[in-house]
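Welcome, and thanks for taking a look. Here are a few notes to read alongside the model.

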Amino acid sequence: MREIRLLWSQFLQATFTNWGVTLPLIFSNLLALTVFSLGFKHLVGEGFALNLSIGWIALSMVTIGIGATIVMTIDLTVSQIHYLLSLPVSLRAILIGKIGSVVALATCASLVVLLCGQFLLLHTTAERLAFLFIALILQALTLIGMLSTAAAFVRDLTKLAVLTNFLIGALQYASVVYFPIASFPVYVRPILYLNPLTYAINFSRTLLVRGEIDFIPLGILAGWSIFWAILGYRGLERRIERSR
Amino acid sequence: MNIVVEQLDKAFPGRSILHHLDLRVDAGEIVGIIGSNASGKSTLIQLLSGILRPDHGHITIAGVDIVQHPARAKRAITTVYQETLFSQVVRPVAVLLSYARFYNPRLSTKDVRKVLLELGILEQDLRKPLFKLSGGTKKKVEFAKCLLGDTPIYLFDEPFTGFDAISRKMGYNTLKRLRAQGKAILLCDHEQRVLRLSDRMLKLQEGHLAPIVIEEVRQKMQVEAEVKGWREELKEELEKLSEVEEITVQTAPLSEDEVAAVLQKAGIDPGANKTKVIYMDGEPDKLLEKLGLSGAAAQVMRTPDKISSHVILTITLTEEASGLDNLDWLRGALTTQGLEVLRLERIEV
């Protein structure tokens with residue numbers, strides 16, 4: 001266990017000290033949240049500003065999550081994998097540690113934005129913040145699982161940028177980030193439910209706007225997170241095993 | 001604690017690398033594997049260190065199957081790879097410390113620095129990331145792994161390529177020390193001189209291992225002896241010694257005193273500014289005349305007795321005697337023959 005703890009702490013350290021990538025992204029997300037919340041609060045009222053900021057909290061992990069998943073995929077399939085496999089740890093420990101550290105980074109990115117939102121708009125209770133935090137972890141797990149699965153099947157890793165741009169666009173716009181799901185035509189809604197952000201945002205909006213805990217989206221998100229995390233793990237494992 | 005490999009197969013798409021390979025390395029021995037480039041040495045090392053998975057067969061490290069229990073098996077191994085697997089953007093101390101802590105949690109930055117400096121890495125190189133270091137320095141960083149941990153099994157893949165003579169010697173001594181400590185060591189290289197460290201040597205060819213015996217040809221030693229009182233018949237007499245293979249005799253050059261005595265006899269002042277002493281064979285008077293030069297020439301003819309009395313002997317020893325460190329026996333043999341030994345020393349062949 002000592003070796004696994006050491007490995008995971010090294011992964012977390014490497015992930016969280018990559019300030020060149022994380023700081024600008026967190027900064028731009030915080031700035032966006034601040035500007036949107038102040039602007040929309042003035043233009044269309046606090047209700048819309050609140051809705052948007054909840055969507056933005058969930059969205060803020062997407063870019064960092066995608067970037068970190070790409071770095072992780074490259075580490076695990078090209079640059080670092082031989083070194084990692086030479087260490088006295090199992091492949092399982094390596095994969096769980098890597099996926100876990102990316103999930104932690106993505107969650108933290110949203111958490112920073114959540115705390116900023118709390119200060120600017122949300123002003124909610126600690127209990128509700130804890131629920132939001134759980135939803136964010138599940139969303140991060142789903143997102144990273146989906147991305148890992150996709151990345152594991154990309155043959156040419158230099159083409160990952162194409163996948164990245166496509167995914168960022170799809171997750172941001174085919175989503176309920178900007179508007180509640182009720183604003184969309186009925187035939188569009190099934191597509192929106194393919195986006196993991198939808199569940200976390202729906203749960204958060206119900207919690208913060210109506211003050212109700214809706215366990216249905218949270219439960220679905222928990223199911224998705226397990227499904228995609230396992231799929232992502234298996235995808236990466238298969239890719240590594242095939243190269244051995 | 002040992003390595004046991006049974007019926008190991010490994011192939012990459014379109015190419016079989018190892019085929020039904022068996023190997024055993026026991027504690028306290030160095031097993032050397034020699035093979036040409038791309039013969040599969042590095043593949044074998046990567047299989048034994050858990051990077052690659054065997055297609056068939058078993059690898060047991062310190063009694064643990066590396067496929068079934070990779071973490072436990074790898075805990076027993078330190079591997080020095082042909083090319084370092086460390087991240088190239090990290091500095092040597094940081095990269096080694098993060099690696100070595102898996103084997104020795106008590107290690108500090110200071111310990112790692114000390115080892116790297118002892119290996120001859122310059123202080124300024126410790127401040128550079130790996131990609132900025134020379135090939136030899138990178139190899140030393142990789143080699144430092146075996147000095148930081150304490151595992152029962154060590155794997156080396158061409159560990160000394162790029163090492164200078166001093167570092168190479170230090171590396172050889174490290175391997176010998178590890179063997180003396182009872183470690184099981186597998187050493188792969190394509191240079192036979194490196195593999196002379198090993199107790200057993202195997203050749204990897206077409207995916208198989210076969211034992212090979214390299215005949216140890218000891219360099220025959222030559223000794224130079226400057227003696228006085230030489231007689232022609234002594235050559236045959238001394239060559240009868242079982243340790244002596246051959247003797248060649250050369251007349252010793254004139255000493256400074258002898259030259260000075262000859263010049264004085266010829267009326268030439270050896271201390272004068274215009275005096276230049278040139279040794280040559282033949283007739284110096286005629287040569288000076290031919291060159292249109294003036295000067296005094298002295299022709300020295302050693303008496304037959306003198307030629308034979310002061311000589312330099314080049315004595316080639318037999319293979320067996322070449323291993324002897326002490327040359328007192330030879331000095332004794334020469335003195336017994338009535339010779340005055342002025343100088344006796346080994347010479348490089």
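Leaving aside its neighbours within four places in sequence, which residues is Glu158(B) in contact with?

1. Please keep in mind that this is a predicted model. To take the question first: beyond those sequence neighbours, Glu158(B) is in contact with Lys41(B), Gln82(B), Lys139(B), Cys188(B), Asp189(B) and His190(B).

2. You will find Glu158(B) in the loop that runs between strand S7 (153-157) and helix H7 (165-180) of chain B. Glu158(B) has a relative accessible area of 4%, so it counts as buried, the cut-off being under 20%.

3. Now for the place where the two chains meet. Here 16 residues of chain A are in contact with 20 residues of chain B. Together the chains bury about 1,800 Å², and 58% of that is on carbon and sulfur atoms. On the chain A side, Tyr83(A), Pro88(A) and Arg244(A) supply 36% of the area buried against chain B, more than any other three residues.

4. There are 2 salt bridges across this interface. One of them joins Glu3(A) to Arg75(B), with the closest N and O atoms 2.9 Å apart. Between the chains, 11 residue pairs are in polar contact, both residues being at pLDDT 80 or more.

5. Which elements give two or more residues to the side of chain A that touches chain B? They are helix H1 (2-16), helix H4 (81-86) and helix H10 (215-243) of chain A. H1(A) provides the largest share, 5 residues. By type, the residues on this side of chain A divide into 7 nonpolar, 5 polar and 4 charged.

Methods
Residues are numbered from 1 along each chain as its sequence is written. Chains are lettered from A and ligands numbered from 1 in the order in which they are written. This is a predicted model: local features need pLDDT of at least 70, side-chain atom pairs count only at pLDDT 80 or more; totals for chains, interfaces and linings use all residues. Side-chain values use heavy atoms; hydrogens and water are left out. Contact means heavy atoms within 4.5 Å. Buried area is the accessible area (1.4 Å probe) that two parts lose on being put together, summed over both. A salt bridge is a side-chain nitrogen of Lys or Arg within 4 Å of a carboxyl oxygen of Asp or Glu. A polar contact is a pair of N or O atoms within 3.5 Å; within protein, one must be able to donate a hydrogen and the other to accept it, and residues adjacent in sequence count only if both atoms are side-chain atoms. Helices (H or I, at least four residues) and strands (E, at least two) are DSSP runs, numbered from the N terminus. Ala, Val, Leu, Ile, Met, Phe, Trp, Tyr, Cys and Pro count as nonpolar, Asp, Glu, Lys and Arg as charged, and the others, Gly among them, as polar. Buried means under 20% relative accessible area, exposed over 50%, partly exposed in between (1.4 Å probe, protein chains only).
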